[in-house]
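Hello,

Here is the structure you were expecting. Please look it over, then read my notes below.

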Amino acid sequence: MYLWKCWRDTRSFFLVFLIGAAIVMPVAALVCKGTGLVEEFGANAFQSTFGLILVAVALGLAAIGAIHEFGDKTAHFLFTKPRSRAYFVWVSWSVGLGELLAIAAVNFLAGWLTLLRFSKNPLHSPVFGPVTSQQLVEGLIMAIYTYSLAYSLTAILRSGLKGLGAAMGIVFGLPFLAIAVRWRWHINLPIPTSPIGNLSLVASDLTWTFVALLFVFIAQIVIERGEV
Amino acid sequence: MSELAISVNRLTKVYGDVLAVNRLDLSVPRGSIYGFLGRNGAGKTSTIKMLLGLTRPTSGSAHVLGMDILASRMPILRRTAFVSEKKTLPPSLTPSELVRFSRGFYPTWLDQAVEKYARLLEIPMNQRFERLSNGNQTKVFLLLALAQGAELLILDEPTTALDPVSVDQLLRVLAADAADRGTTVFFSSHQLEEVEQIAEYVGMVEGGRLLMESRLDDVKNDFRVITAAGSNLPRETNSQVLSVEVKDNFYRYVITKDGEGYAGDLAQNGATVTHVAPLSLREIFLELVRKEKLCTSGNAGETPVLSSSSS
C-alpha cells in the first residue's frame, strides 16, 4: 500500500517527465528536418541529451519523492505507522528509481526510433562515430547516482529546495573541484561516472552504483536516528 | 497485563538549552479518558512524541500498553492511534485514498468505522485533503485514528481550529468510542472547558513538570476557594493551602483538600468565613500555574508537586 501511495504522490510529475522524454528527440528531428543535422549529428546529440535529460529528471523525481514522504509536515504521519523507517526510505526510493528507469527506457526508445527514420544504423554518427553502449550506461548510472544523492539529501535536510540545491551543487561542482585539485596537487579525483583508476569499466560502473546506494543507506541511518 | 495504558517515570527531554520535559511522571489507567493539560510550550507535545517514538527521551522511562517505548516501538504503534498537533497529511490524497493507504498497516482496521464516522462527521471522502476546510482536515485525522481499532488513542490538541459545533461533535465521538470499545483516550489540550466535558482523569503540566494528576471528579470535589475576614489569619501555604491572597483584612485561600474543615478551623480562630465555593477546572489550572511561576522564579525545583488526591 505504501508503494501505491508513493506512486500516487509522484505520478503527475512522472507523467510530465515521461512525455517530455518521449517527445524531445522527435520534436528536435522535426525542427531540424531538411538540414541534414539529424543524419550527421543525431546519434551524438542523442547520446548527450540522454544523459542530461535523465540527470534533470533524476533531480526532479528525487526532490519530489523524498519531500512528499519525509517533509516536516507529514513525517509524523508516516513515522507513526507500524513499519520501520528503513522500509519507508527504500520503498520510496525504489518507486522513484522505477519511474526514472521507465523514463530512461522511453527516452531511449523514442530517440532510437527517431534516428531509425534517418539512418539504417541509428546509433552511428558519420562525424563522431558510433554511440557505444558504455556511453549510454554511463548516462544511466549518472542519473541513478544523481537521483540517489538528491533523494538522500532531500530526505536528510527535509526540504526539497535545500536537497535539490545541495545535490546540484555536488553534481555540477564536483568536476570543477576535481579539475582544481588536479591542477593544484596533481591528484586525480574520481568524477562520477568516469572510470576509477585502473578499474575496468564494469567495475567502475558497479562502484558508482554502489556509491549511489550508499547515499540511500546513509539517509536511512540519519532518518532512523532523527527526531520528528 | 498492566492496569495502566501509559506509565511515565521521571521522563525528561532536553532540546539544546531548553528543558522541554522535566522528570515527568504520569499514570493513565486503561479504558479512561485522560486530559493532558498545559499551556502552549508546557511540554505536552514533547511528551507525546516520546511516547510514540518520534523523539527519544533524554532520561527517564515510559511504558505504553505495558511496553517500553524504546524497546517496543513497532508493537506500540500497531496498537496506538495518533492524531498529531500538525493537522497535515499528504495534500493530494483524498480521505478515501488515505483510508486505503492506512488500512494496510493495521490488522485491527475497522471498515465499518470508516463508513460510520465519515457519515457521522460529514467528511467529503473524495475531495483532496488540501482542499478540505480545517475542521474537515481534523475530522479526517480522527476518522483514520478511530478506524484503526486501536486500544489507545493519543490526540495532540485535537480541537485546534475547530468551530464549537465540530468540537462538540468530536468530543461526543471520542466519548462514545471510549465507552463502546473500552479505548483509552489520552488527549492534550489547553481548552479546559472541553477537557471538563469528557475527561475522567486530568494531568496538568507547566514548564515540563507535572503540577497535578488526579481523577477529575476528585479535583472538583477537593479544591475550594475560601474567603474570610479577620486579623492575623494564617498566610502560609502548604500541601493543603495552595495559595493565600491578603487585602486589608480580607483573605482568599485556595484549598486543595478538605475545604470545609479548613473553613471551620478559620472560624475557630476568629475569622468570619464569608464564602466557601468549588473551583472550575480552569480556575484550578490558573491557580496551579500561578503557584508554579511564583515558586520557580526564585527557587526552581522546589515547587511541591501535588500528588494525586486519589486514583
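Which residue of chain A forms a salt bridge with B:E97? A:R8 does, with the closest N and O atoms 2.8 Å apart. A salt bridge here is a side-chain nitrogen of Lys or Arg within 4 Å of a carboxyl oxygen of Asp or Glu.

Some ground rules. This is a predicted model, in which local features need pLDDT of at least 70 and side-chain atom pairs count only at pLDDT 80 or more, while totals for chains, interfaces and linings use all residues. Residues are numbered from 1 along each chain as its sequence is written, chains are lettered from A and ligands numbered from 1 in the order in which they are written, and side-chain values use heavy atoms, with hydrogens and water left out.

The interface

Between chain A and chain B the count is two salt bridges. The rule also finds twelve residue pairs in polar contact across the interface, both residues at pLDDT 80 or more. (A polar contact is a pair of N or O atoms within 3.5 Å; within protein, one must be able to donate a hydrogen and the other to accept it, and residues adjacent in sequence count only if both atoms are side-chain atoms.)

Chain A gives 25 residues to the contact and chain B gives 29 residues (contact means heavy atoms within 4.5 Å). The two chains bury about 2,500 Å² between them, 62% of it on carbon and sulfur atoms. That area is the accessible area (1.4 Å probe) that two parts lose on being put together, summed over both. A:W4, A:F77 and A:P82 supply 24% of the area that chain A buries against chain B, more than any other three residues.

Helix 3 of chain B

Helix 3 covers residues 95-103 of chain B, and its buried residues are B:P95, B:E97, B:L98, B:V99, B:F101 and B:S102. Helices (H or I, at least four residues) and strands (E, at least two) are DSSP runs, numbered from the N terminus. Buried means under 20% relative accessible area, exposed over 50%, partly exposed in between (1.4 Å probe, protein chains only). These buried residues pack against helix 1 and helix 3 of chain A, together with helix 4 (111-120) and helix 5 (134-147) of chain B.

B:D156

B:D156 sits in strand 7 (residues 152-156) of chain B. Its side chain makes a polar contact of 2.6 Å with that of B:S188.

Best wishes
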